[in-house]
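Have the sequence and the model open side by side.

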Amino acid sequence: MSRTSQNERPVSPCERYFEWNGEKGIFKYYDKESKKNVEVPLPFSFLVLDDKMSTIKGWSDEDQSGIWSNEIKDLKNGIITVRTKKGVRATGTYADIKGKVNGADYVKSLYIAFINSEKKMTIGNLALKGASLNAWIEFASATKDLYNGIVKVDSSIEGKKGKVIYQMPDFKMSPITEKAEALANELDRTLQDYFKVYFTSTQSTEDLTEEMIDAVLSSEPSAREVASIKSKSSAIVADDFDSESPF
């Protein structure tokens, strides 16, 4: 903290933190105000802003707590600090900590642009793990350029492991309009500015406040952070998109 910088901890520009519900074959997010998971029916469309981030999430039966970590871009050399409410459980590269924390999962932290309930394009985050991550890897491998199109999920694909039946997102790519691309580029500049602060801050190593812990465990920023994000969100609404845009 300093005279001109009262809050050195970076505030994420994400308005929503989405996850895939493999049981129902839909997306969901946690609404902190109502303290409920909100289901997002298909179809769901988004543009990829940054697909290089990785993190750790999960649930610890031992600590009766959610599991979280900082985010890294370099999976080989980046240092991850894995925590529960009881404190730090592992620190090191992904290779160092892999398998050392029961209940912890590797998660691809995909930053996206999506249309919110106010019909504005804004920044979101999509956490992909397990079967949904495998579906994304296959899609990404078959796609020449993830940044040159709109990703749409309008259906799910059924999978089976033993007696367990689950649903995977069926990712497809649609053409992007110039307006949609320009908006996404603007949002990505905001996102990259946040990353610059995030990776030079002490957030990944210092103790988190109870408010921040609660926000991480619920996969949703605090009410104060949401208000700050909304006040800075783009004023361009969905009606400004070209008519052929699948949004």
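A residue is called buried when its relative accessible area is under 20%, exposed when over 50%, and partly exposed in between. These words are used throughout for what is a predicted model.

The protein has 5 helices and 11 strands. Of its 247 residues, 46% are buried. Among contacts with a separation of 6 or more, 60% are between residues 24 or more positions apart. The exposed surface comes to about 13,600 Å², with carbon and sulfur atoms supplying 48% of it.

Take helix H3 to begin with, residues 178–198. At 1.5 Å a residue, its 21 residues should span 30 Å, and the end C-alpha atoms are 30 Å apart, which agrees. Its buried residues are Ala 180, Leu 183, Ala 184, Leu 187, Leu 191, Tyr 194, Phe 195 and Tyr 198. Because these cover an arc of only 125° around the axis, they lie on the same side of H3. An α-helix has 3.6 residues a turn, so residues three or four places apart point the same way. The face of H3 turned away from the buried side carries the exposed residues Glu 178, Arg 189 and Lys 196. Strands E4, E8 and E9 are among the elements that cover the buried residues.

Helix H2, residues 130–142, can be read in a similar manner. Its 13 residues should span 18 Å at 1.5 Å a residue, and the end C-alpha atoms are 19 Å apart, which agrees. Which residues of H2 are buried? They are Ser 132, Leu 133, Ala 135, Trp 136 and Phe 139. Their arc around the axis is only 160°, which puts them on the same side of H2. Glu 138, Ser 141 and Ala 142 are exposed, on the face turned away from that buried side. The buried residues of H2 pack against strands E1 (16–21), E4 (44–60), E8 (104–115), E9 (121–128), E10 (150–161) and E11 (164–174).

The last two of these strands form a hairpin. E10 and E11 run antiparallel and are joined by 10 bridges; Val 151, for example, has Met 173 in E11 as its bridge partner. There are 2 residues between the strands, and Gly 162 in this hairpin takes a positive phi near 65°.

Tyr 166 is also in E11. Is Tyr 166 buried, partly exposed or exposed? Its relative accessibility is 24%, so Tyr 166 counts as partly exposed. Leaving aside neighbours within four places in sequence, Tyr 166 is in contact with Gly 22, Ala 131, Ile 157, Glu 158, Gly 159, Lys 160 and Lys 161. Ala 131 is 35 residues away along the chain, yet the two C-alpha atoms are separated by 8.4 Å.

The largest nonpolar core has 22 residues, and Phe 46, Trp 136 and Phe 171 have the most contacts inside it. Two or more residues of this core come from each of E1, E2 (26–31), E4, E8, E9, H2, E10 and E11. H2 gives the largest share, 4 residues. Beyond its neighbours within four places in sequence, Phe 171 is in contact with Phe 46, with Leu 128, with Ser 132, Ala 135, Trp 136 and Phe 139, and with Val 151, Lys 152 and Val 153. A second, separate core has 19 residues, including Tyr 17, Leu 49, Ala 113 and Ala 180. Ala 180 is one of the buried residues of H3.

Terms used:
Residues are numbered from 1 along each chain as its sequence is written. This is a predicted model: local features need pLDDT of at least 70, side-chain atom pairs count only at pLDDT 80 or more; totals for chains, interfaces and linings use all residues. Side-chain values use heavy atoms; hydrogens and water are left out. The expected span of a helix is 1.5 Å times one less than its number of residues. Buried means under 20% relative accessible area, exposed over 50%, partly exposed in between (1.4 Å probe, protein chains only). The arc is that of the directions from the helix axis to the C-beta atoms. Contact means heavy atoms within 4.5 Å. Accessible areas come from the Shrake-Rupley method with a 1.4 Å probe; for residues, only the protein chains shown count as cover. Two strands pair if DSSP finds at least two bridges between them. A nonpolar core is a set of buried Ala, Val, Leu, Ile, Met, Phe, Trp, Tyr and Cys residues joined through side-chain atoms within 4.5 Å.
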